[in-house]
Amino acid sequence: MGCETHALTPVRLSMVIGFKVMHTCDTIIATTRSNMPKITKERKDATKPTVIKASATKVCTICSDKKPTALQRCTTCKTSITCFKCVKGWIVGDGGIIDSTGKFVYSCPTCRAHLNISATMLQDSDVKTQLYKCFLQEVKNYKVDNARNMLSHNPWLATEQTSNNSPMCVAANNMHIPMLQLLSEYGATMFDKLEIGCMPPHATGRQLQP
Ligand SMILES: [Zn+2]
Ligand SMILES: [Zn+2]
């Protein structure tokens, strides 16, 4: 008999929670219910996931990798254990979100609590690209306050650019002075030239004339 709540077979379930004590399924359901995350103010604030050492008894709930290099456990529901590879995939997918303070966090795949993204993970190029995309969206949509909040956590976003775009270009194309001012406060200038040779006022696909 499996566990309906967890959609896990007893064997898989015992592997997931095997790092502590071998529970019966009923015990787990009782424990999980009492630990059910409550919608509180604290829950909205990002918490630091517990990083635990991997061993044969700890299995990633997403990929079922039995020998992951390292695992993270959600501190709210305490049941969601994920390996770093899957956490990255989750963040780069739709799991990475901007919280109310402008911080880039991810929601627990199981209970949706907001969890901090580690400094190491934030250095990953795919994760950075995802964060940059979120930032550019706020610039594009004239959301100065949101952009300011995001910059307070990740100032590098203001001067980041791809070969054919930059926040300054987007703000200049919008002719949005408050956004241009904000970006310049963080070191971006109207003279940041893109790889394609454009500068912000000319970035709508038109190259500067020689
Ligand atoms: Zn995994
Ligand atoms: Zn959780």
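Residues are numbered from 1 along each chain as its sequence is written, and chains are lettered from A and ligands numbered from 1 in the order in which they are written. Because the model is predicted, local features need pLDDT of at least 70 and side-chain atom pairs count only at pLDDT 80 or more, whereas totals for chains, interfaces and linings use all residues.

Helices (H or I, at least four residues) and strands (E, at least two) are DSSP runs, numbered from the N terminus. Helix α6 covers residues 125–140, 16 residues in total, and spans 22 Å between its first and last C-alpha, close to the 22 Å expected at 1.5 Å a residue; the expected span is 1.5 Å times one less than the number of residues. V127, L131, F135, L136, E138 and V139 are the buried residues of α6, where buried denotes 20 or more other C-beta atoms within 10 Å of a residue's own, exposed 12 or fewer, and partly exposed the range in between, with C-beta atoms placed from the backbone. An α-helix has 3.6 residues a turn, so residues three or four places apart point the same way. The cover over the buried residues of α6 includes α4 (84–95), β5 (104–107), α5 (119–122), α7 (144–153), α8 (167–174) and α9 (177–185).

The axes of α6 and α7 lie 8 Å apart and the two helices pack at an angle of about 150°, which makes α6 roughly antiparallel to α7. Here axes are lines fitted to C-alpha atoms, for helices over the stretch in contact, and angles run from 0 to 180 degrees between N-to-C directions; angles under 35 degrees count as roughly parallel, over 145 as roughly antiparallel, 65 to 115 as roughly perpendicular and the rest as oblique. On the α6 side F135, E138 and V139 meet N146, A147 and M150 of α7, contact being defined by C-beta atoms, placed from the backbone, that lie within 7 Å. By class, this contact of α6 with α7 has four nonpolar, one polar and one charged residues (Ala, Val, Leu, Ile, Met, Phe, Trp, Tyr, Cys and Pro count as nonpolar, Asp, Glu, Lys and Arg as charged, and the others, Gly among them, as polar).

For α8 and α9, the axes come within 8 Å and cross at roughly 160°, so that α8 is roughly antiparallel to α9. P167, M168, A171, A172 and N174 of α8 make the contact with M179, L180 and L183 of α9, and by class the contact of α8 with α9 has seven nonpolar, one polar and no charged residues.

Turning to the loops, Y142 follows α6 and lies in the loop between α6 and α7; although Y142 is not a glycine, its phi is positive, at about 60°. Y142 is partly exposed, with 13 other C-beta atoms within 10 Å. R112, in the loop between β5 and β6 (114–116), is likewise not a glycine and has a positive phi of about 70°, and with 15 other C-beta atoms within 10 Å R112 is partly exposed. Q161 is placed in the loop between α7 and α8 and counts as partly exposed, having 18 C-beta neighbours inside 10 Å. Leaving aside neighbours within four places in sequence, Q161 is in contact with S166, D192 and L194; the C-alpha atoms of Q161 and D192, residues 31 apart along the chain, are separated by 9.0 Å.

Methods. Contact = placed C-beta atoms within 7 Å.
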